[in-house]
Amino acid sequence: MALMATIRAQLSRFLSRTLTRPGFIAFNGSIRRPEAPPVHRNFSSSAAAAAVLPQREPMGVKEYEDYRRSLYGDITHKALLVDAAGTLLAPSQPMAQIYREIGEKYGVQYSEAEILNRYRRAYAQPWGKSRLRYVNDGRPFWQYIVSSSTGCSDAQYFEEVYNYYTTDKAWHLCDPEAEKVFMALRKAGVKLAVVSNFDTRLRPLLRALNCEHWFDAVAVSAEVEAEKPNPTIFVKACELLGIKPEEAVHVGDDRRNDVWGARDAGCDAWLWGSDVYSFKEVAQRIGVQV
């Protein structure tokens with residue numbers, strides 16, 4: 001255990017010296033935000049410091065893989081960890097459109113552009129109620145976000161918006177071939193888990209989309225009490241799968257939360273929309289033909 005901790009620390013220090021750290025594209029629940037210092041997605045106060053770090057030359061894929069090989073040897077990926085919102089799932093309609101359409105009968109008068117701007121400002125503010133944004137069902141946090149975005153604090157309006165995002169009407173799968181690929185991976189002996197910064201609506205949402213049974217485990221930040229990029233949530237997912245972190249690869253759309261967080265835990269990590277563009281490509285990189 002001490003040796004593995006030392007190896008992971010060496011990998012983390014190496015990556016922090018070598019990888020470029022631009023802004024990221026954050027994606028939470030129902031909105032994809034433009035690149036910006038990720039203060040609101042951090043589990044500590046280090047985001048402000050990260051915002052002023054100088055840009056560095058990125059490490060190439062081969063260089064990174066060679067470095068991992070020097071630490072762990074030729075380890076086969078025994079498990080695939082997948083981010084939820086922005087990788088596995090995507091909102092079917094823009095958040096601001098839904099907030100406005102549902103809110104019309106409650107007196108919401110802001111335009112979609114105004115709602116989007118207000119949402120971004122509210123989401124970027126430190127959440128002082130808890131060290132985590134998503135505690136249990138996340139209602140206090142989302143009440144704050146919805147009322148700040150729309151100027152409407154009507155409890156019935158909030159419940160209608162909140163419940164909408166637990167339905168299959170609100171979400172769709174990013175990759176229509178996901179089920180086919182995941183079944184092929186499981187047949188090949190690869191274990192699967194969802195790792196997501198989400199409240200407790202995630203499990204019923206996965207059931208509503210008829211995809212919960214694809215996965216051997218689901219690690220939700222509201223249940224684990226740790227949010228990406230905290231490596232704890234990745235380590236917990238690996239524990240649930242019964243594998244070592246270095247035996248897993250995580251795929252997600254957020255460079256900081258998904259890639260750096262997973263690598264800090266000792267996992268391999270690929271950026272969705274950059275390193276890989278489909279789950280079929282993920283499977284092929286793992287070594288499973290679909």
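**Exercise 1.** Is Phe141 buried or exposed?

Solution. The model is predicted: local features need pLDDT of at least 70, side-chain atom pairs count only at pLDDT 80 or more, and totals for chains, interfaces and linings use all residues. Residues are numbered from 1 along each chain as its sequence is written, and side-chain values use heavy atoms, without hydrogens and water. Buried means under 20% relative accessible area, exposed over 50%, and partly exposed in between (1.4 Å probe, protein chains only). Phe141 has a relative accessibility of 1%, so Phe141 counts as buried. Trp142, at 7%, is buried.

**Exercise 2.** Classify the ring pair Phe141 and Trp142.

Solution. Rings of Phe, Tyr and Trp (its six-membered ring) pair if their centres lie within 6.5 Å; planes under 30 degrees apart are stacked, over 60 edge-to-face, and the rest tilted. The whole structure holds 19 aromatic pairs. For Phe141 and Trp142 the centres are 5.1 Å apart and the planes 70° apart, which is edge-to-face. Ring pairs place both in a cluster with other rings, including Tyr99, Tyr123 and Tyr144.

**Exercise 3.** Find the charge placed over the ring of Tyr162.

Solution. The criterion is NZ of Lys or CZ of Arg within 6 Å of the ring centre and within 35 degrees of the ring normal. The charged end of Arg201 sits 3.9 Å from the centre of the Tyr162 ring. Likewise, Arg133 lies over the face of Tyr123, 5.1 Å from the ring centre.
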